[in-house]
Amino acid sequence: MNRRSFLQFFLALSISPVAVTTVVSKSSSNLCNSFDGWILKPEDFQ
Amino acid sequence: MKMYLNEETKAKLSDSRFDVCIVGSGPAGITLALSLEKLGKSVCLLEGGSEDFTEDSQALYKGKNIGDTYFHLDRARLRFLGGSSNHWTGWCKTLDDIDFNRNYITSGLSWPICKADMDPWLDEACGILGIDPMKADSLPTVIGSELVKTGLVFDTAPLRFKERFAAELDNSNSVTLLLNANFKMLNGHDGAVKSVSAISSENIDVIIYCNTVVLATGGLENSRLLLHVSKEVPDKFFPTSLPIGKYWMEHPFYELGTIVGDEDVLFSSDENMAFLRPSDEFQKKYKIFNSCFILQKLKGPEFNLEKEVKDLLRVAPNLENSLFKLMRRNKLCGASINVVWEQSPNVESAVRLSDEVKDRFGIQSIELNWRKSEIDRETLVASIAALCNWVLESTSSRLRLQDWVIRNDPYPDHGHIAASHHMGGTRMSVDETTGVVDAELKVHGSKNIYVAGSSVFPTAGWANPTLSIVQLSLRLASHLSRRSSL
């Protein structure tokens, strides 16, 4: 994967990663720090 | 009949000649032997161990891991009558259609046979294993554009080949089960084996004369013994250039995290486990291999559902209503997520012979260089993406992944690691550059050396291999019974 992160690969798949897109745009920290590992939809927390 | 190799039985065997000599009495060897008996052939079935586990026999499986973190090589398999069926879990599933053809990734990965070539032996194989063929070969249920629910036989007591077939072997007039008979060498010339040398733990030698030999010693030893023969008598039976030991595969098997949500959506009624895999279309779209997520309901003191829900609501407060509704209906559940997946065949992932260590019979020990590659990680991550997408879009459930997954860290070196499925090393292929045996499981270039077992798998699918091993053994028996030289 050429050292691409899980999130980058997830995004590259273009399979409606709404939660991940939101997380990446909202925070420069990784998903684990932001959401303690939970994979969420934006409406789950907005 | 059953006998141990000693001076008395050695004398009895000196005048015997068998249609087939099978080396190894695990699921592949026993299936093949009893099937050949029904087809009117005489068989000598060699087992290096005894009827029961012994430390001395098991020690012959010692080897060294020089690749990715892996189990001790004398623990992931068993060396006595019945082989590793003496400790397997009994899970069974046919390979998927797509497993036979990976040309959408790159050429040269596909099987030289297809699923339809193995289907004629499905019912008989399931009969041997005592499982329902409809369940073992069930079609997947589409649950989204990217994910399907797949069937798996996991709730049947695992068949112990020793317990099930020991008496049948002993009572057979056509099968001679020779215990305490450790493979030593093939004898013959010009690609044709005339006999097999074996040796007892007391160093009593015997020569078994046969028209055909089949190595059925498991997914590591098949490579080891062929490498041994190739080194001791180069080019005598097959070209030394064959990629013996290479393209060795496991099923990587890791815990991924947990899921909290709707029991009715995640699980079928009354079942505590669910099996999900990426759809064929998804695998082709992203050029990945197969995988399977194993969801298992978490209950009891080891899992605190209330704490898990509180953790979820802390970061996702808007889920409170939906989770509360599930709780009122008593349908809120937690489940663990494990994943098992298919490796890309990798020439660097290989069984080879140690330059330093030999066993007590002078055969070099194994050095296993098991390697997972970048495409294996891509298969994992893309498959997780499909799972996440399905959970988010189609369910009121939410999942939580472990740090190593989220951070794309190296694989954990603890936990399951792998499924103890030893595959490849003598892979099936059309030509001798990419494999060791042909579509009929005959070693390329040889006249009468065959290989049975999961070492012949060109690719691994995600499914537990035993059912496919038994199907291939029955298919091999059918092929051998039609050979005029037998």
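Helices, as counted here, are DSSP runs of H or I with at least four residues, and strands are runs of E with at least two, both numbered from the N terminus. On that basis, chain B comes to 15 helices and 21 strands. Please bear in mind that this is a predicted model.

Let me begin with the overall dimensions. The C-alpha trace of chain B spans about 80 × 40 × 40 Å along its principal axes. A compact globule of 486 residues would have a radius of gyration near 23 Å, and the 24 Å of chain B agrees with this. Of the 486 residues in chain B, 62% are buried. The accessible surface of the chain amounts to about 18,600 Å², and carbon and sulfur atoms account for 48% of that area. Turning to contacts in chain B between residues at least 6 apart in sequence, 74% join residues at least 24 apart.

I now come to the sheet. In chain B, three strands form an open sheet with mixed pairing, in the order S4-S17-S16. Its edge strands are S4 (63-65) and S16 (350-358) of chain B, each of which pairs on one side only. On average, neighbouring strands of this sheet are turned by 30 degrees against each other, direction ignored.

How many bridges join S16(B) and S17(B)? There are five, in the antiparallel sense, with S17 covering residues 364-369 of chain B. Lys358(B) has Gln364(B), in S17(B), as its bridge partner. Helix H8 (residues 221-232) of chain B packs on the sheet and touches S16 and S17 of chain B. The direction of H8 makes about 60 degrees with that of S16(B).

Definitions and conventions. Residues are numbered from 1 along each chain as its sequence is written. Chains are lettered from A and ligands numbered from 1 in the order in which they are written. This is a predicted model: local features need pLDDT of at least 70, side-chain atom pairs count only at pLDDT 80 or more; totals for chains, interfaces and linings use all residues. Side-chain values use heavy atoms; hydrogens and water are left out. Two strands pair if DSSP finds at least two bridges between them. Axes are lines fitted to C-alpha atoms, for helices over the stretch in contact, and angles run from 0 to 180 degrees between N-to-C directions. Contact means heavy atoms within 4.5 Å. The radius of gyration is taken over C-alpha atoms; the globule rule is 2.2 Å times the number of residues to the power 0.38. Buried means under 20% relative accessible area, exposed over 50%, partly exposed in between (1.4 Å probe, protein chains only). Accessible areas come from the Shrake-Rupley method with a 1.4 Å probe; for residues, only the protein chains shown count as cover.
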